[in-house]
Amino acid sequence: MINLELPKKLRASANQAHQVAQEIFRPASRKYDLAEHEYPVELDTMAAMVEGLSDSGSADVSGATGGRKAGEKTDGDAHATELLGNTNGGNMSALMNALETSWGDVGLMLSIPYQGLGNAAIAAVATDEQLSRFGKVWAAMAITEPSFGSDSAAVSTTAVLDGDEWVLNGTKIFVTAGSRATHIVVWATVDKTAGRAAIKSFVVPRDAKGLTVSRLEHKLGIKASDTAELRLEDCRIPKDNILGSPEVNVEKGFAGVMQTFDNTRPLVAGMAVGVGRAALEELRTVLTDAGIEISYDKPANNQHAAAAEFLRLEADWEAAYLLSLRAAWMADNKKPNSLEASMSKAKAGRMGTDVTLKAVELAGTTGYSQRTLLEKWARDSKILDIFEGTQQIQQLIVARRVLGLSSDKLK
């Protein structure tokens, strides 16, 4: 028998996140949608709350330890060990927190201190020593550059070892929380002639000399979140701020840095699931107020067209939710989840845009106006189908895994 019920500890954590979403995020959602780049002062309360929960051990929510505990080995560790039994750990907890807080406001969720996508990157590949240093920082993740988007292997930012320091040069764009985070996880190449095998990730303090925010983007959605362009000009960081091994292993490629996505893609899927649930709940209210009954006892073709469409959207949402749970569970249980991570991201990203746009349509003038948050959720959801790998990239990865083909053979 497969038990899909969340354990008591996760339900408690998810309930806490939902209370934050309901009492703090949702009431301020429209405010920061209309005031792009204004710092959400409510996040200061969140920061204190997160720190308090972390210090008390009441929740797995702070920093990189949201994805891994100190002493827990990564797959990239030479002494990695298999976990025994069925584990619902940091990845599942982070997924549920992302889902619940995104139900409130995904832009504000992306701005929660100590919860940056870079934290998941640190959790994926950091050594125990690095986890002790960076486990409670607020880390953004900088991958995309002006010359490429989803092709992560095209990184041109360079990292050159000079004595006991790495010297980084390059430009990164669309960095979520790039101006607010305390640290940035930067993808750079240590040897341009070695191809993707030379791409490594580095932890760069936000106040490091040579790192500057050149601009903030104006966006379609998630306006509460700061999205920055960063420039690295002879930016120096300590030698041991490289995540994982500095050696260039041509046979392994850049599997180490790509392992980051196995942690972050289920989280983004969870964000889409949270926004989708918010839209479905609001749409149900609108349809019910309009006198449209949604029944689970009648065939869809015997119900109002809007009710039948709602049932289709809800089923699509359920599939995305279950795929997200599976990908996070596999990560917690040290099972290779690259295929499942991409499947969850592809399904949830597409579901999010479909559900929110259809909700706007079915709600009519109410959906298109600012009387509800439906139109905002439709705008917010689009980025969840784009960042951390577009819909097309996810489908390409799934095809490679299913067919057993390398990136050279299937492009």
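These legends walk through a few close-up views of a predicted model.

**View 1. The whole chain, to get your bearings.** The protein chain is built with 12 helices and eight strands. Of its 411 residues, 56% count as buried. Among contacts between residues at least 6 apart in sequence, 75% join residues at least 24 apart.

**View 2. Helix α11, a mostly covered helix.** Take a look at residues 374-384, where nine of the 11 residues are buried.

**View 3. A nonpolar patch on the surface.** Val-402, Leu-403 and Leu-405 together make a patch of about 280 Å². Leu-403 belongs to helix α12 (residues 391-403), and with a relative accessibility of 57% this leucine counts as exposed.

View 4. Arg-133 sits in α6 (residues 128-134) and Asp-240 in the loop between β7 and β8, so the pair ties together parts 107 residues apart in sequence. Both partners are partly exposed: Arg-133 has a relative accessible area of 32%, and Asp-240 one of 40%.

**View 5. Glu-229 and its two arginines.** Glu-229 forms a salt bridge with Arg-215, with the closest N and O atoms 2.8 Å apart. Glu-229 is buried, at 7% relative accessible area, whereas Arg-215 is partly exposed at 41% and Arg-231 is partly exposed at 38%.

Key
Residues are numbered from 1 along each chain as its sequence is written. This is a predicted model: local features need pLDDT of at least 70, side-chain atom pairs count only at pLDDT 80 or more; totals for chains, interfaces and linings use all residues. Side-chain values use heavy atoms; hydrogens and water are left out. Buried means under 20% relative accessible area, exposed over 50%, partly exposed in between (1.4 Å probe, protein chains only). Helices (H or I, at least four residues) and strands (E, at least two) are DSSP runs, numbered from the N terminus. Contact means heavy atoms within 4.5 Å. Patches are made of residues with over 30% relative accessible area and no salt bridge: like charges are joined within 9 Å, nonpolar side chains (Val, Leu, Ile, Met, Phe, Trp, Tyr) within 5 Å. Accessible areas come from the Shrake-Rupley method with a 1.4 Å probe; for residues, only the protein chains shown count as cover. A salt bridge is a side-chain nitrogen of Lys or Arg within 4 Å of a carboxyl oxygen of Asp or Glu.
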